[in-house]
Amino acid sequence: MRKKKTAFFRAGRAWLLLLLLLPWGLCAGCIEDLPLDAYSYVVNIGIERGDTLPYRFVFVMNQEEGADKASEGETGEKKLMILSAEARTLREAAATLVSAVPSQLNFERTSLLALSRELAEEGDFAGLEDMAFGRMKLRENMRFVVAEGRLEEVFSGLMSQADPSMSRLKTNVIHYERQEGLTRDCTLRELLESAQSRVYDAMTIYCGINDASPKEDMVGGESYPYVGGAMLVAGELGTTIGGTAVFSGKKMVGILSGQHTMLVRMARGEFSRGQLRIPWQDGTMLTVYFYRAGRPTLTLEAGKGVCTIPLEANLEIPLLLPGVSSREMTAWLEAYLAGEMQRVFRAVQRENADVFKLGCHMLMGFSSMEKWQAFDVKAACKAVEMTFVPRVTLSHSPDKTVLE
């Protein structure tokens with residue numbers, strides 16, 4: 001009996017050892033120790049509606065050439081190319097492109113996903129939300145943008161000879177978001193998780209080809225949805241960031257201009273600094289610089305919300321307004337911001353988009369996830385009556401005084 005038990009335990013250890021080694025054996029067949037120039041690195045992916053198959057996948061690939069020379073002290077070159085393939089899934093498109101590139105595809109460096117406006121408005125992500133990111137080694141934090149126009153042209157317009165890989169541009173987007181507040185950087189994972197959790201709705205970068213017709217934002221008015229809120233951009237790049245795409249769940253429901261995006265970010269507590277162009281009483285356009293002066297507070301009770309936002313402001317050219325006291329200017333700025341924030345809130349509320357994060361505040365009132373899942377947060381947010389109360393401290397005033 002003892003010999004049988006010993007044999008049984010030995011057999012069990014053998015199976016356990018086999019199970020432990022099996023994943024390594026499988027990985028050895030799919031992950032090879034290859035030189036850098038054996039790979040074509042996919043740095044950007046675009047998805048749009050296909051002509052024959054459901055989707056057209058656009059790949060911007062960066063192949064390391066001369067990596068063996070670089071290891072010997074010489075400079076390796078980077079060859080950038082744009083390829084596309086129609087397919088049903090991303091994996092199918094990648095398999096189709098194998099015959100069109102001289103090396104293996106590698107997705108470890110993919111840092112940007114662009115979805116066409118058509119697919120974004122349909123909430124169609126080509127199955128990416130169900131795809132196991134780990135199997136293709138896609139980054140969960142890759143930047144997500146909505147693009148207007150054919151994606152091959154959009155990607156071509158983002159490249160420059162100085163930086164064909166767009167690494168500097170992507171770094172500048174992050175800097176621009178933090179320093180100017182006119183756009184909202186968002187990852188694909190954040191967008192999908194916000195839609196699933198129902199806690200709030202996402203905003204993300206909206207871009208388009210420079211010579212395309214500007215689109216009016218969902219608030220209305222004369223402002224184009226381009227970053228500065230007033231003009232198109234002409235320069236080396238043929239594609240421009242054009243404001244912010246607003247989502248309700250997984251569907252894009254509209255565009256906010258750069259200035260309207262800044263107002264949302266002020267209320268959300270994501271704002272650091274930025275400038276607004278504001279029409280004065282006689283038609284003069286004032287440039288006002290705003291800075292975050294504290295964290296906004298939101299109270300929500302019986303379907304009524306009050307959002308208080310502390311800000312610091314100064315005028316670019318205060319002498320244009322002689323005879324206007326600091327107190328008068330402060331009151332006027334507060335009234336203007338409150339009115340504009342109300343307009344933006346009503347515009348997104350009509351589209352069931354909770355970009356002001358009311359759902360985050362409502363969630364704190366629930367004691368269990370079951371109760372939260374049964375709660376119709378969209379209906380509750382749509383019924384809220386909001387009041388915005390900006391508290392402005394004017395540091396640079398028309399009469400060169402501080403508040404009394």
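Which residue lies over the face of Tyr200? Lys357 does, at 4.6 Å from the ring centre. A charge is taken to sit over a ring if NZ of Lys or CZ of Arg is within 6 Å of the ring centre and within 35 degrees of the ring normal. Tyr41 has a charged group over its ring as well, namely the end of Arg109, 3.7 Å from the centre.

The model is predicted: local features need pLDDT of at least 70 and side-chain atom pairs count only at pLDDT 80 or more, while totals for chains, interfaces and linings use all residues. Residues are numbered from 1 along each chain as its sequence is written, and side-chain values use heavy atoms, with hydrogens and water left out.

Twelve aromatic pairs are present in the structure. In the pair formed by Trp332 and Tyr336, the ring centres are 5.8 Å apart and the planes are at 20 degrees, so the pair is stacked. Rings of Phe, Tyr and Trp (its six-membered ring) pair if their centres lie within 6.5 Å; planes under 30 degrees apart count as stacked, over 60 as edge-to-face and the rest as tilted. Trp332 and Tyr336 are four residues apart in helix H10 (residues 326-350), and are therefore separated by about one helical turn. Helices (H or I, at least four residues) and strands (E, at least two) are DSSP runs, numbered from the N terminus. Trp332 counts as buried because its relative accessibility is 18%, whereas Tyr336, at 21%, is partly exposed. Buried means under 20% relative accessible area, exposed over 50%, and partly exposed in between (1.4 Å probe, protein chains only). Elsewhere, ring pairs join Phe125, Phe144 and Phe247 into a cluster.
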